[in-house]
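Dear colleague,

I am passing on the structure below, together with notes on what turned up in it. Please read the notes with the coordinates open beside you.

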Amino acid sequence: MELALLYSGGKDSSLAALLLDQFYDVRCVTGTFGLTDDWEHAERAATELGFPFERVELDRAVAEAAVERMVADGYPRNGIQQVHEHALETIAELDVDAVADGSRRDDRVPTVSRAQAQSLEDRHGVDYISPLSGFGRHAVDRLVAATFEVEQGPSEEIPKADYEGELRALLAETADEAAVGEVFPEHDQTYVHGRSD
């Protein structure tokens, strides 16, 4: 069975790929608005892990609406949620039996409610799978530490294709660089370089 995994090259989506690989032919798929080349990092991570990679174009109008929402809110949560839902809808249109993401039990964003999952499944004739939904952050961190070579650091310095880089770029383009710091809190990102030996 073919599965499209919404893939960033980070620890969560990489762990999801390994878990799903037991049951599906996993294809790592990164959505991009064409604003940065961050997707290349996801492609390298997928290749290092031995998974096929695909890049899909997302609707720039969704990114623009998300950035407007972030500026109005003063934080990124709702905007990122909009983009994640759009990305799932986009990969559900691929010729696959299932779609998945790397969202965890304790994620604040993005999340997919039961109603959203059922709607996605019914409208596109796919299964939606969230293999990490039963895992908390600490459990994921322990599994990742035992499985991957991971780089971790400030989100401005660690390349990853999880929408944030492109949304930051669009925000800087439409507002200014100061707005990026006002909307996005400082936090660490991860980038998977491959499996541990």
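To start with a simple point of orientation, in which helix is the place of arginine 114? Arginine 114 belongs to helix α5, and please keep in mind throughout that this is a predicted model. With a relative accessible area of 70%, arginine 114 is exposed, since exposed residues are those over 50%.

Helix packing comes next. Helix α4 (residues 77-92) and helix α5 (residues 114-124) have axes 10 Å apart and pack at an angle of about 30°, which makes α4 roughly parallel to α5, given that angles under 35 degrees count as such. The crossing in which α4 passes α5 is right-handed. On the α4 side the contact is made by Gln81, Glu85, Leu88, Glu89 and Ala92, and on the α5 side by Gln116, Leu120, Arg123 and His124. Sorted by class, the residues of this contact of α4 with α5 are three nonpolar, three polar and three charged.

A second pair is formed by helix α1 (residues 11-20) and helix α6 (residues 137-147), whose axes come within 10 Å and cross at roughly 75°, so that α1 is roughly perpendicular to α6. Here Lys11, Asp12, Leu15 and Leu18 of α1 meet Val140, Asp141, Leu143, Val144 and Thr147 of α6, and the contact of α1 with α6 has five nonpolar residues, one polar and three charged.

From α3 the contact takes Arg60, Ala63, Glu64, Ala66, Val67, Met70 and Val71, while α7 supplies Leu167, Leu170, Leu171, Glu173 and Thr174. By class, the contact of α3 with α7 has eight nonpolar residues, one polar and three charged.

Isoleucine 91, if neighbours within four places in sequence are left aside, is in contact with Ala4, Leu5, Leu6, Val29, Val56, Val96, Val99 and Ala100.

Histidine 86 lies in helix α4 and counts as buried because its relative accessibility is 19%, where buried means under 20%. Not counting residues up to four places away in sequence, histidine 86 touches Phe33, Leu58, Asp59 and Val62.

The other is glutamate 166, which lies in helix α7. Is glutamate 166 buried or exposed? With a relative accessible area of 5%, glutamate 166 is buried. Again not counting residues up to four places away in sequence, glutamate 166 touches Gly31, Thr32, Phe33, Gly34, Leu35, Thr36 and Asp38. Between glutamate 166 and aspartate 37 the C-alpha to C-alpha distance is 8.7 Å, although the two are 129 residues apart in sequence. Glutamate 166 is one of the buried residues of α7, which also include Glu164, Leu167, Arg168, Leu170 and Leu171, and what covers the buried residues of α7 includes β2 (25-32), α3, α4, α8 and β7 (188-195).

Technical notes. Residues numbered from 1 in each chain as written. Predicted model: local features only at pLDDT ≥ 70, side-chain atom pairs only at ≥ 80, totals over all residues. Heavy atoms only, no water. Axes fitted to C-alpha atoms, helices over the stretch in contact; angles between N-to-C directions. Helix = DSSP H or I, 4+ residues; strand = E, 2+ residues; numbered from the N terminus. Parallel < 35°, antiparallel > 145°, perpendicular 65-115°, else oblique. Left-handed = near helix turned anticlockwise from the far one by under 90°. Contact = heavy atoms within 4.5 Å. Nonpolar A, V, L, I, M, F, W, Y, C, P; charged D, E, K, R; others polar. Buried < 20%, exposed > 50% of the residue type's maximum accessible area, 1.4 Å probe, protein only.
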